[in-house]
Amino acid sequence: GDSQTAYSGGILEKILKSNNYNVIRKFKAGENTAKTIVRLQKINPKLPVDLVVVFTGGNNPSETFSAGRTEQLINTIRQKYGNPQIIFGVAPPATKGNPTEIKKIFRRSSHSEKYSAKRDRMASAIAKKATSMGASFIDPREFMPDPSSITTGDGIHLTGKYANEFATQIANKVDGSLQ
């Protein structure tokens, strides 16, 4: 998944490990879905994969592109790992950020800012495609007090209590019968 995996993914990993799950957390910050698909094809876990959680920012050129990449990703996961439960953590909700902090993290202005107006539509396209293919999703904007006012420093990542809630909501979606 994207760099939100460093924040919410770390919390999710702790939750899952506390329930005795083996966890492989593989992500690359700033990686797009096409690169994730290629990287997933190269990961060969020693045990069967029962669950895949994908964090995605929804920073794509269009809704059609977002839905198409989501379909490719789900198909790749199923081809590579069988039929695991798939949960998408869709689109960090931050719509504002400190440009200085953004440049400090990314060494450039964030591409997320130019797509912020489209993010709702792209997140919806990802969620709709995921659902139509039997995956589930959590959209953190559903539990945020006022998503349009959220500022997380760099304007992109959920941190603190919001990252914790995001991870908890995803963990609550995990099928209880998974080994």
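This is a predicted model: local features need pLDDT of at least 70, side-chain atom pairs count only at pLDDT 80 or more; totals for chains, interfaces and linings use all residues.
Contact here means heavy atoms within 4.5 Å.

**Helix pairs**

Two packed helices are described by the angle between their axes and the distance between the axes. The table gives these values for both pairs.

| Helix pair | Angle | Axis distance |
|---|---|---|
| α1 (residues 4–18) and α7 (residues 160–173) | about 50 degrees | 8 Å |
| α2 (residues 33–42) and α3 (residues 63–81) | about 5 degrees | 10 Å |

In the pair of α1 and α7, the helices pack at about 50 degrees and are therefore oblique to each other. Their crossing is right-handed. On the α1 side, the contact is made by Gln4, Tyr7, Ser8, Ile11, Leu12 and Ile15. These residues meet Ala163, Asn164, Phe166, Ala167, Thr168, Ile170 and Ala171 of α7. By class, nine residues of this contact are nonpolar and four are polar, with no charged residue.

The angle between α2 and α3 is about 5 degrees. Angles under 35 degrees count as roughly parallel, so α2 is roughly parallel to α3. Here Thr33, Ala34, Thr36, Ile37, Leu40 and Gln41 of α2 are in contact with Arg69, Gln72, Leu73, Thr76, Ile77, Lys80 and Tyr81 of α3. The contact of α2 with α3 has six nonpolar, five polar and two charged residues.

Strands of a sheet pair through backbone hydrogen bonds, either parallel or antiparallel. In this model, three strands form an open sheet in the order β1-β2-β3, and their pairing is parallel. Strands β1 (51–56) and β3 (136–138) lie at the edges, each pairing on one side only. On average, neighbouring strands are turned by 25 degrees against each other, direction ignored.

Strand β2 (residues 85–90) pairs with β3 over three bridges in the parallel sense. Isoleucine 87 stands opposite serine 136, a residue of β3. Packed on this sheet is helix α6 (residues 119–132), which touches β1, β2 and β3. The direction of α6 makes about 170 degrees with that of β2.

The C-alpha atom of alanine 127 is separated by 7.7 Å from that of phenylalanine 88, although the two residues are 39 residues apart along the chain.

Terms used:
Residues are numbered from 1 along each chain as its sequence is written. Side-chain values use heavy atoms; hydrogens and water are left out. Axes are lines fitted to C-alpha atoms, for helices over the stretch in contact, and angles run from 0 to 180 degrees between N-to-C directions. Helices (H or I, at least four residues) and strands (E, at least two) are DSSP runs, numbered from the N terminus. Angles under 35 degrees count as roughly parallel, over 145 as roughly antiparallel, 65 to 115 as roughly perpendicular and the rest as oblique. A crossing is left-handed if the near helix is turned anticlockwise from the far one by less than a right angle, and right-handed if clockwise. Ala, Val, Leu, Ile, Met, Phe, Trp, Tyr, Cys and Pro count as nonpolar, Asp, Glu, Lys and Arg as charged, and the others, Gly among them, as polar. Two strands pair if DSSP finds at least two bridges between them.
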